[in-house]
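Subject: Structure handover and notes

Dear colleague,

Please find the structure below, followed by my notes on what was found in it.

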Amino acid sequence: VALDPKFVKAYVFGAHCLSDNHEFEKAVVLLDKGIKEIPEEWDLPYQMGFIYYIKKKNKLVAAKYLDKAGDLEGAPLIMKRLAALLYTDAEGSDMEIKIKMWESALESAKKQGDKISEEKAYKQLVELKIEFDVSNLEKAIKKYNELREKISNETVYPDQITKNKTQVKITSDNESSRMLYLNDLKQLVDAKIITSIPTDPFGRPYMFETQTQKIKTFPLPWK
């Protein structure tokens, strides 16, 4: 950048190398220099907002830079949307914001022809999508099991009513207790807790372990 102060990719690549190497402050200094040298370039304030959120979880500072990026010519429309999400933190969860951030990173890398950043953004999106699916499935499993327990505890059979007509809860043996819990992910759809069972970005099914009531995933090609 000393040789060519207008070389946008040098600021971007250098900032990401520094932030990935735990030299966040140096990355900020480099991007700030780029923003001052090329004030019309939307990608530089965008990258600043990106690393502030991804590396520091500083939503307000990230939103400020994304908002600034969105005002510049050529910036994707999603910039303003992301800034609004970060400012309010009400329209989307952290996971949803992360996914949108990496989607915008992927779009930016494709526009710039930056294959290295494109590959990195793609891998991050795949991993986040899987994390998002697993989290949602395990929440659905928990909800299903809680509903089954509630129904079981509220059900009364004739031989369980005492002489004074007082209702009592079911006392189940170990086998019937296990039957209360989820045995197959299809039961989540049958119970209308989810509309469909997702697959990972490679089209592979998520695996359900009945004993732990947890979701397992296939390994990723790069791990």
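The largest share of the lining of the second largest pocket, four residues, is supplied by H3, where helices are DSSP runs of H or I with at least four residues, strands are runs of E with at least two, and both are numbered from the N terminus. A pocket is defined on a 1 Å grid over the protein atoms alone, as an open set of points where a 1.4 Å probe fits, with protein on both sides within 12 Å along at least five of seven lines, and its lining residues have an atom within 4 Å of a point. Please bear in mind that this is a predicted model, in which local features need pLDDT of at least 70 and side-chain atom pairs count only at pLDDT 80 or more, while totals for chains, interfaces and linings use all residues. Residues are numbered from 1 along each chain as its sequence is written, and side-chain values use heavy atoms, with hydrogens and water left out.

The second largest pocket holds about 180 Å³ of space, a volume being the space filled by probe spheres set on grid points that are joined across faces, edges and corners. Its lining includes His16, Asp20, Phe50, Ile54, Lys98, Trp102, Lys120 and Leu128, and the elements that give two or more residues to that lining are H1, H3, H6 and H7. By class, this lining has five nonpolar, two polar and five charged residues, with Ala, Val, Leu, Ile, Met, Phe, Trp, Tyr, Cys and Pro counted as nonpolar, Asp, Glu, Lys and Arg as charged, and the others, Gly among them, as polar.

The largest pocket has a volume of about 260 Å³, and of the 20 residues that line it, Val12, His16, Gln47, Asp114 and Ser117 are the closest to its centre. Here, too, H1, H3, H6 and H7 are the elements that give two or more residues to the lining, but H1 gives the most, with seven residues. Ten nonpolar, five polar and five charged residues make up the lining of the largest pocket.

As for the overall layout, the protein has nine helices and two strands, and buried residues (under 20% relative accessible area, with exposed meaning over 50% and partly exposed in between, for a 1.4 Å probe and protein chains only) make up 37% of its 223 residues. Among contacts (heavy atoms within 4.5 Å) between residues at least 6 apart in sequence, 55% join residues at least 24 apart.

If residues up to four places away in sequence are not counted, Trp102 touches Phe50, Ile54, Lys120, Ala121, Gln124, Leu125 and Leu128.

The loop between helix H9 (186–190) and strand S1 (207–209) contains Asp200, which is buried, with a relative accessible area of 5%. The side chain of Asp200 reaches the backbone nitrogen of Phe202 at 2.8 Å and is joined to the side chain of Arg204 by a polar contact of 2.8 Å, a polar contact being a pair of N or O atoms within 3.5 Å, of which, within protein, one must be able to donate a hydrogen and the other to accept it, and residues adjacent in sequence count only if both atoms are side-chain atoms. Leaving aside neighbours within four places in sequence, Asp200 is in contact with Ile130 and Tyr206. Tyr206 lies in the loop between H9 and S1 and is buried, at 6% relative accessible area, and a polar contact of 2.7 Å joins its side chain to that of Asp133.

With best regards
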